[in-house]
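Hello,

Here is the structure we talked about. Please open it first, then read my notes below.

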Amino acid sequence: QKLLIVSAIQQRSGIVAVTGDGVNDSPALNLANIGVAMGIEGTSVAKDAADMILLDDNFASIVKGVEEGRRIFDNLKKSIAYTLSSNIPEITPFIAFIVLGIPLPLPTVLILFIDLGTDMIPAISLAYERKEDDIMKRPPRDARTDRLVTTKLISFSYLQIGVIQALA
């Protein structure tokens, strides 16, 4: 019956998570968007068919896992946006050198060292930010449209923030 339920919900463009522990659950675990098998009581067939295995067989671990996954996704987007936005001000002197013939204010190797020192540490620290207050109130993201790097993120980072930084 789980398999029929999963098929019916997915035909209506729903996102389905299925939990199971037995051999009879493995087709539904395999078909679902995310299959969750029990780690202690679950059979090896169910564990093989699942995308995630609950090591403690506690359903509250699913909520914690989703929350942590959303936090990681959000923080990676912040790190990527920060890193992309710093590219415009770093390349502006080179463009001015090529187009306008203005001499470079710093040697290329020094600019690379500054880039490593000033970009990497803050970008890494963004990965450790706390979760947003509404993280579990948001609907599941659509994996087809809500990617880690989107056109909106690139245009925001390069065209808006990057240009402001370059002008500063």
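Is D134 buried, partly exposed or exposed? D134 is partly exposed, because its relative accessible area is 38%. (Buried means under 20% relative accessible area, exposed over 50%, and partly exposed in between, with a 1.4 Å probe and protein chains only.)

Some ground rules. This is a predicted model, where local features need pLDDT of at least 70, side-chain atom pairs count only at pLDDT 80 or more, and totals for chains, interfaces and linings use all residues. Residues are numbered from 1 along each chain as its sequence is written, and side-chain values use heavy atoms, leaving out hydrogens and water.

Now the salt bridges (a side-chain nitrogen of Lys or Arg within 4 Å of a carboxyl oxygen of Asp or Glu). The structure holds 8 of them. One joins D134 to R138, with the closest N and O atoms 3.7 Å apart. D74 also bridges to R138, at 3.0 Å. That pair links distant parts of the chain: D74 sits in helix α4, R138 in the loop between α6 and α7, 64 residues apart. (Helices are DSSP runs of H or I, at least four residues, and strands are runs of E, at least two, numbered from the N terminus.) D74 counts as buried, because its relative accessibility is 16%. R138 is partly exposed at 30%. Shared partners join D74, D134 and R138 into one network.

Another salt bridge pairs E129 with K78, again with closest N and O atoms 3.0 Å apart. E129 lies in the loop between α6 and α7, K78 in helix α4.

Last, α6. Its buried residues are I111, D119, A123 and L126.

Best wishes
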